[in-house]
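Thank you all for coming; I would like to take a few minutes to walk through one model.

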Amino acid sequence: MTSWPKCFTGDDEGKNYTLYFITIALVSMLIFPFLSREILFLIFAGAGVYIYITNSNRNVINLIVSVVLLLLISATANIYSYSLPKYIIVAAIQISTIGFTCATIVRCKTNKDSQENTTNLQSSLALLIAGASSAFIAGSWYAYWTSTVSYELIFFIAVIGAITAALFESIPSSVDRLFSMTMGSAMAMWVLAAFGYSVAPLHLLIAFFFALFLGYLAYRTNIADISAVLSATLMGVLIIVFSNILWFVLLLTFFILGGVFTKYKYNYKLGLGIAQEKGGVRTYENVFSNSTAALVLAIAYGIYPQHSNLITYAFLGTVATAAGDTLASEIGTTARQTPRMITSLKPTKTGTDGAVTSLGELAAFGGALAIGILGAAFGFVEQIVPAILITCAGGWGGTNIDSLLGATFQKKGYLSNSGVNFVATATGALISGILYLLVL
């Protein structure tokens with residue numbers, strides 16, 4: 001076989017395993033519509049044993065292991081009247097073979113001066129395009145022979161699966177990338193397929209390119225890294241598809257506010273040792289911890305339209321919490337007054353988890369107010385004044401819950417900062433939702 005640089009193979013011997021990946025992709029695409037899960041399990045398990053014995057590349061081995069595990073999950077789920085469809089597994093295989101191979105080739109060409117297999121934006125885009133295309137082709141082949149799934153759904157999950165895989169590849173982890181990409185993309189596609197919710201391809205493409213473009217702008221302005229771009233793209237596509245584009249724009253407003261005010265008196269905060277890491281650049285952790293509750297509500301909005309008003313107010317509350325908490329942290333820590341612990345009101349050091357200042361409380365209210373006003377301007381609600389007040393209450397309340405959790409559960413190590421953010425944004429949604437039910 002042709003010798004390739006280490007950046008391509010991750011192998012000290014520089015062997016080219018492209019042929020293995022292409023063979024796995026093509027063979028799996030051809031046989032999946034016609035063979036049972038049990039037969040496929042035996043084939044891949046046998047192939048895995050053979051490859052392991054012959055000391056082949058660890059990427060190939062981890063790919064085979066992930067496929068075997070998915071087939072085992074699929075067979076087990078089938079016993080209990082659940083279903084992990086085979087078209088999802090074969091789509092995940094395509095993404096992790098064709099997509100990964102194309103991404104690695106791009107990395108080798110863009111990182112010519114380095115032997116390191118480092119993820120960059122170009123390689124992530126290559127994985128997205130090649131992975132989604134190959135997954136759609138394989139899924140369409142499966143649909144043609146089985147007539148058990150629509151082409152619209154195949155296209156939908158192929159795009160989501162490719163974005164998920166690219167995200168997993170961009171996140172530094174001790175877990176092998178091929179394993180996490182295959183399992184992660186399959187699980188994401190499985191969840192969406194279980195909803196039975198599909199979308200017109202043109203609508204999906206518009207949502208994808210819009211979300212990706214905005215993520216790219218954030219990347220170019222040093223607001224977000226690659227993992228944040230991909231996670232925001234994934235969030236954006238799902239939010240736009242299940243609700244509408246204005247929901248994503250409103251959520252994006254929070255990230256813009258956060259990015260702008262992170263730079264506010266940054267050197268001062270840096271001197272105190274409380275500045276945002278990496279110069280204020282957001283990562284996937286920031287995106288998911290502050291936006292997961294919003295994503296769940298956006299999906300619920302699409303699935304349960306009969307509860308659209310309640311879900312809308314809860315969504316406003318969770319985004320207001322994220323905005324309020326970010327502004328409280330970035331502006332409140334610059335206050336000249338001595339901060340106090342929210343649990344005891346005793347003076348404490350600036351930057352302490354659970355510390356509050358009057359400036360921070362005012363900033364939290366201002367952030368929540370901005371989201372409330374924008375929500376009303378975007379036409380989210382009909383009763384403008386009550387909606388703004390409910391949004392402010394949810395955002396300000398969720399922000400203070402964040403401080404309370406920081407002073408208690410985070411301080412004791414029960415919750416990480418990301419965990420605190422998630423619980424706080426969910427609480428903000430709950431507060432606004434309850435107030436909607438009580439007032440309106």
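Predicted model: local features only at pLDDT ≥ 70, side-chain atom pairs only at ≥ 80, totals over all residues.

Residues are numbered from 1 along each chain as its sequence is written, and side-chain values use heavy atoms, with hydrogens and water left out.

I begin with helix H4, residues 58-79, which has 22 residues and reaches 32 Å from its first C-alpha to its last, close to the 32 Å expected at 1.5 Å a residue; helices here are DSSP runs of H or I, at least four residues, numbered from the N terminus, and the expected span is 1.5 Å times one less than the number of residues. Among the buried residues of H4 are Val60, Leu63, Ile64, Val67, Val68, Leu70 and Leu71, where buried means under 20% relative accessible area (1.4 Å probe, protein chains only). After H4 comes Ser81, whose phi is positive, near 65°.

Turning to helix H2, residues 18-31, we find Ser28 there, and Ser28 counts as buried, at 0% relative accessibility. A polar atom of the Ser28 side chain lies 2.9 Å from the backbone oxygen of Ala25. Leaving aside neighbours within four places in sequence, Ser28 is in contact (heavy atoms within 4.5 Å) with Phe44, Val90, Ile93 and Gln94.

Finally, Leu430, found in helix H17, residues 417-439, is exposed, with a relative accessible area of 54%, exposed meaning over 50%.

Technical notes: Helix = DSSP H or I, 4+ residues; strand = E, 2+ residues; numbered from the N terminus. Polar contact = N/O pair within 3.5 Å; in protein donor to acceptor, adjacent residues only side chain to side chain.
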